Amino acid sequence: QTPLTLQVKNKAPAEVQITAEQLLREAKERELELLPPPPQQKITDVEELNDYKLRKRKTFEDNIRKNRTVISNWIKYAQWEESLKEIQRARSIYERALDVDYRNVTLWLKYAEMEMKNRQVNHARNIWDRAITTLPRVNQFWYKYTYMEEMLGNVAGSRQVFERWMDWQPEEQAWHSYINFELRYKEVDRARFFNIILLVIVHPDVKNWIKYARFEEKHGYFAHARKVYERAVEFFGEDHMDEHLYVAFAKFEENQKEFERVRVIYKYALDRIPKQDAQNLFKNYTIFEKKFGDRRGIEDIIVSKRRFQYEEEVKANPHNYDAWFDYLRLVESDTDAETVREVYERAIANVPPIQEKRHWKRYIYLWINYALYEELEAKASKRTRQVYQACIELIPHKKFTFAKMWLLYAQFEIRQKNLPLARRALGTSIGKCPKNKLFKGYIELELQLREFDRCRKLYEKFLEFAPENCTSWIKFAELETILGDIDRARAIYELAIGQPRLDMPEVLWKSYIDFEIEQEEYEKTRNLYGRLLQRTQHVKVWISFAQFELSAGRGENLSRCRQIYEEANKAMRNCEEKEERVMLLESWRSFEEEFGNDTTKERIDKLMPEKIKKRRKLQAEDGSDAGWEEYYDYIFPEDTANQPNLKLLAMAKLWKKQQQESEAAEMDPDKDIDESQS
């Protein structure tokens, strides 16, 4: 036979869904609700009490039998017996528990506290003795034991316990507790004795020395306190110096009004303790100087603090030249020359490891400042010369040089009225490492000395070194012009424009043209413009040429100017830059508006281009289409190729006008009817 199976007819989900968490929570809540409250038991006679005790003891014993190592069960059992005043039973339970785990500190404490509560002093002493013998490193037993004896008035017993404790050399707080105990009973000598033992033998720390000194100070033994501090300084020496010891020593002397001793202590410590470990020392020294020192003392401490900071910075990174600059500025303002020289020598000894100019730019200013200090502050010209010479020897001139160093050295020698040495230095610089700045500085020096022949020779050397430097050619020509040698100046300009490569040719040509205009050599100026236009057809050259002819000041200047504009317009017809041609025509139109007649004005108006908007296709870097862009183009009437475009443009404008008129007529039909009727 096949078993019958139950078929669920309605398989739809229930309207109210119940989670497993909800089922468990409800089961737990109902379980608590179903627990009946414990019955209230009333004991009326001895038999019921004995029966209750028996059942309770059986429960405790069963719990202990299940797990003997759970000490809380033993303690609960003993405390229950204690609550029934069954001290012997409670004592027996504690003893049984100690047999199980004699290292449990809580068990010993509860056992001793029970005996003390019930005034069983001898039993309590016995338990404490057993506890400190079994576990001598548990400080809590000793504290409780000594406190109990002291509360009972047994001072000798408490002292005996303390002495037994000290034999184990416990932590510092235990010694201080013993010292405080002796002080409570006015035993100062014993307290001093244990302080010495604590300091020298057991825990020779700085804070313990300070506490001992304050102990002596508190009881009025100031000489003893000073000796303690002195012995502490001697004990720790210079290898293990601590700022807290010196701060405490200084404050002690400050309280004794020994201000000079305070100052000596602070300075002694600051000179020997590492700077990063002396922040608190600095702070207290500053406060002391503000309270009892003069202005000079306050400044000294601030300066010394900053010096320590800079020393740490330059020790951490000797090539941090900014830190050296700040350090040198500080020592220059407050110390003697020898100290400043020492710091400068330390600074310049940190030569950059890489021979690249960018790494030397900050470093070279150390030498410059050193030389200026020796010259201006120390007034030592001989040492200044040595500094400059040492610096020049140090610089790798084959790779790079510093023109400012050579020029400063030469200027120093001139101030010392030693012109041959200055010239020798600059000549050496030009021979070893020629630079534009060196040539310019040397020429400027000779100009100030009015040595023009030397200037000419220097310019010649300069132009041999850098023939493409247009500024040098112009300055050389201007020098000859000032000296009145026009032919030499013109020859220099001719040499300059004949150079195959120039850095600023337009400036040179402009200077040459301005030179000829100043000399009123108009024909030569025209020739210059002609030669320049053979090299370049730039629109600005044509406009400048036309303006020159306009300002020449002769009767035919207008016709010449107009002729130049005509030639420029013809020359620029094939120019790709239409904006330059437009610029030329606008300049021409402004000229005609000022000086021309109606005919010339009408003619230039016909030459003006038509500005139209166009579109062109853009391409990206990879060759793909990037869309279209609009730009403005110019159509010039003169260009025969543009004539069809102009006709087409005129027809387009006419058609647009007709379209606008027809749209206006459609918008206003009544107006057309009225016109037809009229």
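Helix 23 and helix 24 are roughly antiparallel to each other, a label for angles over 145 degrees. Helices here are DSSP runs of H or I with at least four residues, numbered from the N terminus. This is a predicted model, in which local features need pLDDT of at least 70 and side-chain atom pairs count only at pLDDT 80 or more, while totals for chains, interfaces and linings use all residues. Residues are numbered from 1 along each chain, and side-chain values use heavy atoms, without hydrogens or water.

The axes of helix 23 (residues 419–432) and helix 24 come within 10 Å and cross at roughly 155 degrees. Axes are lines fitted to C-alpha atoms over the stretch in contact, and angles run from 0 to 180 degrees between N-to-C directions. The crossing is left-handed, meaning that the near helix is turned anticlockwise from the far one by less than a right angle. R423, L426, G427, S429 and I430 in helix 23 meet L438, F439, Y442, L445 and E446 in helix 24. Contact means heavy atoms within 4.5 Å. Six of these residues are nonpolar, two polar and two charged. Ala, Val, Leu, Ile, Met, Phe, Trp, Tyr, Cys and Pro count as nonpolar, Asp, Glu, Lys and Arg as charged, and the others, Gly among them, as polar.

Now turn to another pair. Helix 5 (residues 105–117) and helix 6 (residues 121–134) pack at about 160 degrees, with axes 8 Å apart. They are therefore roughly antiparallel. Helix 5 also passes helix 6 in a left-handed crossing. Their contact has nine nonpolar, two polar and two charged residues.

On a 1 Å grid over the protein atoms alone, a pocket is an open set of points with protein on both sides within 12 Å along at least five of seven lines, and lining residues have an atom within 4 Å of a point. Points are joined across faces, edges and corners, and the volume is the space filled by probe spheres set on them, the probe being 1.4 Å. Of the 18 lining residues, E506, W509, K510, L532 and V541 are closest to the centre of the largest pocket. Helix 28 (505–518), helix 29 (522–535) and helix 30 (539–551) each supply at least two. Helix 28 gives the most, with eight.

The second largest pocket holds about 280 Å³. Helix 24 (436–448) returns here, supplying at least two lining residues. Helix 26 has the largest share, six residues.

Methods. Angles under 35 degrees count as roughly parallel, over 145 as roughly antiparallel, 65 to 115 as roughly perpendicular and the rest as oblique.
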